[in-house]
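Have the sequence and the 3D view ready.

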Amino acid sequence: MALTGDYKLISTEDMLQGHAELCIHAYGFVKSMALKCAIELGIPGAIHGYGGGATLDELATIIALPPSRLPRLRRLMRVLTVSGVFSVQHKQPDDSVCDGAVVYGLTSASRLLVSDGETSSGLSRLVSLMVDPNLTAPFSGMSAWFMDDEQPRSFFEMHHGEDLWDMAARDAALSRTIGDGMTDDSRFVVEVLLRDSRARDVFRGMRSMVDVGGGTGAIAKAIATAFPQVECSVLDLPHVVAEAPADGEVRFIAGDMFDYIPPADAVLLKSVMHDWRDDECVKILRRCKEAIPSKEAGGKVIIINMVVGSGMSKGKGTEKEEAQALYDLFLMVFEGGEREEVEWEKIFLDAGFSGYNIIPVLGIRSIIEVYP
């Protein structure tokens, strides 16, 4: 059959390369589901517990896999090694056929999926939240949402009939999934934060801080431990505060940030602002401004969020740029989104703040100090 149309304009090599790239994009969801499966099977922890490397048979034994499923595990691990989640080595370079010779190891990504219950680097529950069916299912209707000019709702609400926060308020399991994921993320952020002198300087000299939307207090507790002079509180919705530990390390306050924020030297907003439209962010920041003293007296708002493009090396196609772009589109399911510096600046000015300082020390995210 003769080639027609645009096929005439490209070489056979380009056609086949394009076909392979389309397959990778179209089957991208398979990588997400394979990662989800690996977490649920406990594969990262199994490799870690076996000294950092395990063969297929050893993995199967550790996770108590039925013997008949061993070929399926091999195929799963092939996807996860090709995509860079796990590493693979051969005990005997000339014997790549023998399954027993293939040793699977951890990469910088999969190491973050391991937690011993005491460290702050386990991100398994955060990844589980990212691929939760409640959050991924609405994407199947994204094109219809784009074309509906009269649709005021997010496509999460269009799919489920209610927004995420209303669903979480009535669905205890979803609320726990969100809370667990955000707790893992907070522990990860604060571990990185406390390693960096520039980030630590953000919290020096404060006497009090309220973490708005701080969940079960992971960041507030870490700040209170690292800086004993800082009295830390957490403001969150009643159903979230009801699940908070009553250990007395920080004070938990049930409330709505749109109505009232308790007074403090500083207000922390970690992964909060990207959930809301610009006008809603202005309202939140105005409440923050009411809660803090003047700049001269040490008052400030501390935002931990992405500043799209900040701290990036020049050029396109970097992993950080792709991560920011993907996460921004992910947030669109809730009508949220990440912002560039010029967009942040407009919100700060509209809320009545005088200035800000961006500290790009958290990888794809930054710390933003905002001054009244």
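Helices (H or I, at least four residues) and strands (E, at least two) are DSSP runs, numbered from the N terminus. The model is predicted, so local features need pLDDT of at least 70 and side-chain atom pairs count only at pLDDT 80 or more, while totals for chains, interfaces and linings use all residues. Residues are numbered from 1 along each chain as its sequence is written, and side-chain values use heavy atoms, leaving out hydrogens and water.

Let's start with H2. Its 14 residues reach 20 Å from first C-alpha to last, close to the 20 Å expected at 1.5 Å a residue (that is, 1.5 Å times one less than the number of residues). Ala34, Leu35, Ala38 and Ile39 are buried in H2 (under 20% relative accessible area; exposed is over 50%, with a 1.4 Å probe and protein chains only). Down the axis of H2, these buried residues fall within an arc of 135°, so they line one face of the helix (the arc uses directions from the axis to the C-beta atoms). Turned away from that buried side are the exposed Phe29 and Glu40. Just after H2, Gly42 has a positive phi of about 80°.

H2 also gives the largest share of the lining of the second largest pocket, three residues. Helices H1 and H5 give two or more residues as well.

| Second largest pocket | Value |
|---|---|
| Space | About 250 Å³ |
| Nonpolar lining residues | six residues |
| Polar lining residues | two residues |

Among the lining residues are Cys23, Tyr27 and Lys31.

Terms used
1 Å grid on protein atoms, 1.4 Å probe; cavity = no way out; pocket = protein on both sides within 12 Å on 5 of 7 lines; lining within 4 Å. Points joined across faces, edges and corners; volume = space filled by probe spheres on them. Nonpolar A, V, L, I, M, F, W, Y, C, P; charged D, E, K, R; others polar.
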